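Trainee: I am new to this structure and would like to learn how to read it. Could we go through it together?
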Amino acid sequence: MEKMWAGRTAGETSAIADDFNSSIRFDCRMYRQDIRGSMAHAAMLGAKNIITPKEADELIAGLEGILDDLDSGALAFDMSCEDIHMFVERELTERLGDVGKKLHTARSRNDQVALDMRLYMRDELTEIAELTEEVIRAIVDKAEEYSDAIMPGYTHLQRAQPILFAHHILAYAMMLLRDLGRLNDAKKRLNVSPIGCCALAGTTYDTDRRMEASALGFDDIALNSIDGVSDRDFCVEAMSAIALLMTHLSRFSEEIILWTSWEFRFAELSDAFTTGSSIMPQKKNSDMAELVRGKTGRVYGDLIALLTALKGLPLAYNKDMQEDKECTFDAVDTVKMCLKVFAPMLATMKVNAANMRRAAQAGFINATDLADYLVRKGMPFRSAYKVSGGLVAKCIQEHTVLEELPLEEYKKESELFEADLYEAIDLETCVKKRCSEGGTSPESVAKQIEWVKAQLA
């Protein structure tokens with residue numbers, strides 16, 4: 001097959017070099033974006049009389065036919081073509097003859113691929129944001145379902161203070177809302193059209209770049225043609241946002257894995273989102289959460305691969321930039337897959353509130369509240385801290401908990417203790433008293449839920 005760039009050379013490369021150079025096996029996924037961009041370009045060429053309006057109409061109709069045939073499966077990609085741009089142009093020329101050859105007037109594959117990538121990432125970031133919202137909704141629903149469940153809050157993976165389960169998982173809603181903001185910010189910054197920058201220096205034709213940009217939904221055009229064809233910041237920024245989103249999914253996955261272990265038994269995943277063992281019939285493995293955790297490293301690798309590919313490139317376009325696609329596509333595919341499984345996995349998860357409460361009681365996580373009780377009676381905090389710690393040690397030695405230790409044992413440590421101390425260290429009381437804004441009290445958590453809902457709305 002004669003190369004469309006044949007001329008200066010014979011266009012003859014070895015089969016090995018052709019395969020090495022080709023990108024159609026992965027950039028074919030951008031065919032919709034490529035055809036949309038070409039249709040806008042054809043319309044602009046016609047409007048500016050660079051080609052006749054009739055030729056522009058023929059090109060647009062021909063491109064629509066190719067798009068329909070690719071969507072329906074009537075047309076298959078020819079993997080012998082170098083890339084998606086060459087495939088579409090060759091198919092168009094076969095259908096229209098010499099008119100098809102006019103499509104590439106006043107543009108280059110350099111600005112064409114930059115356009116395709118921006119259109120593709122804009123579409124994908126929109127879908128990733130929608131999937132992220134689904135996970136946030138699942139978190140809110142779960143928080144409302146178990147709004148009164150008390151669990152131990154942890155620091156250093158040690159039981160620390162009593163909190164509401166809803167408060168704990170809403171922390172992930174906050175993380176994911178920030179991820180949404182980053183995804184939307186990245187989408188805003190990428191929404192600049194490079195088409196018309198051509199190879200690197202612009203074109204001698206009297207084009208209307210802003211007409212094309214407007215037709216394709218861009219907010220502006222790249223104001224420097226060299227930057228327009230060489231910029232892949234938008235891919236790096238989008239992948240950075242995706243990598244951080246995966247970080248948050250991975251942290252949540254780690255907690256779900258812990259909670260569903262036999263040692264914790266705080267929660268149970270639906271059978272639909274777990275697997276069994278080939279030899280151990282008692283096993284119920286949280287494989288979906290583990291895979292999300294594992295795939296996070298893969299997305300990090302994609303981001304580092306792109307940064308490394310870009311770090312030493314002189315301006316403007318270099319073939320190295322073809323390496324932007326596979327890692328970007330992989331990061332996009334991976335995060336979408338993880339989000340799609342995460343929302344229903346979370347939605348169908350059952351929480352064992354009784355086990356959570358028992359863990360909270362056994363962990364002496366109301367010891368701070370016991371110290372605060374003495375402080376309110378007039379004892380200095382550091383002294384109250386020491387008394388409280390001593391009583392915890394006594395409970396451990398006698399295999400009991402603070403709520404069940406007799407009042408006379410308390411009075412041995414301080415005469416400030418009265419019968420009202422049991423109300424003060426009751427777990428419900430401990431939670432309700434933490435009424436500072438953003439805290440774990442039921443009122444505060446209810447406000448957090450409503451705030452998250454408002455952000456989604």
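Trainee: Is histidine 104 buried, partly exposed or exposed?

Mentor: Buried means under 20% relative accessible area, exposed means over 50%, and partly exposed lies in between, using a 1.4 Å probe and protein chains only. Histidine 104 has a relative accessible area of 23%, so this residue is partly exposed. Please keep in mind that this is a predicted model, where local features need pLDDT of at least 70 and side-chain atom pairs count only at pLDDT 80 or more, while totals for chains, interfaces and linings use all residues. Residues are numbered from 1 along each chain as its sequence is written, and side-chain values use heavy atoms, leaving out hydrogens and water.

Trainee: Where is histidine 104 placed, and which residues is it in contact with, leaving aside neighbours within four places in sequence?

Mentor: Helices (H or I, at least four residues) and strands (E, at least two) are DSSP runs, numbered from the N terminus. Histidine 104 sits in the loop between H5 and H6. Contact means heavy atoms within 4.5 Å. Setting aside neighbours within four places in sequence, histidine 104 is in contact with Glu89, Arg109 and Gln112.

Trainee: How far apart are histidine 104 and serine 38?

Mentor: They are 66 residues apart in sequence, and 8.5 Å apart in space from C-alpha to C-alpha. Serine 38 belongs to helix H3 and counts as buried, at 0% relative accessibility. Beyond its neighbours within four places in sequence, serine 38 is in contact with Leu63, Leu103, Arg107 and Gln112.

Trainee: How many residues of H3 are buried?

Mentor: The count is 13 of 17, so H3 is largely enclosed by the rest of the structure. As for length, the expected span of a helix is 1.5 Å times one less than its number of residues. H3 (residues 31–47) reaches 24 Å from its first C-alpha to its last, close to the expected 24 Å. Just after H3, asparagine 49 takes a positive phi of about 60 degrees.

Trainee: How do I describe two packed helices?

Mentor: Use the angle between their axes and the distance between the axes. Axes are lines fitted to C-alpha atoms, for helices over the stretch in contact, and angles run from 0 to 180 degrees between N-to-C directions. Angles under 35 degrees count as roughly parallel, over 145 as roughly antiparallel, 65 to 115 as roughly perpendicular, and the rest as oblique. Helix H5 (residues 84–96) packs with helix H6 (residues 109–145) at about 105 degrees, with axes 10 Å apart. H5 and H6 are therefore roughly perpendicular.

Trainee: Which residues of H5 and H6 meet?

Mentor: Ile84, His85 and Met86 in H5 meet Arg109, Gln112, Val113 and Asp116 in H6.

Trainee: At what angle do H11 and H12 pack?

Mentor: Helix H11 (residues 287–310) and helix H12 (residues 324–347) pack at about 160 degrees, with their axes 9 Å apart. That makes H11 roughly antiparallel to H12. In the loop between these two helices lies alanine 316, and the peptide bond from leucine 315 to alanine 316 is cis, with omega near 10 degrees.
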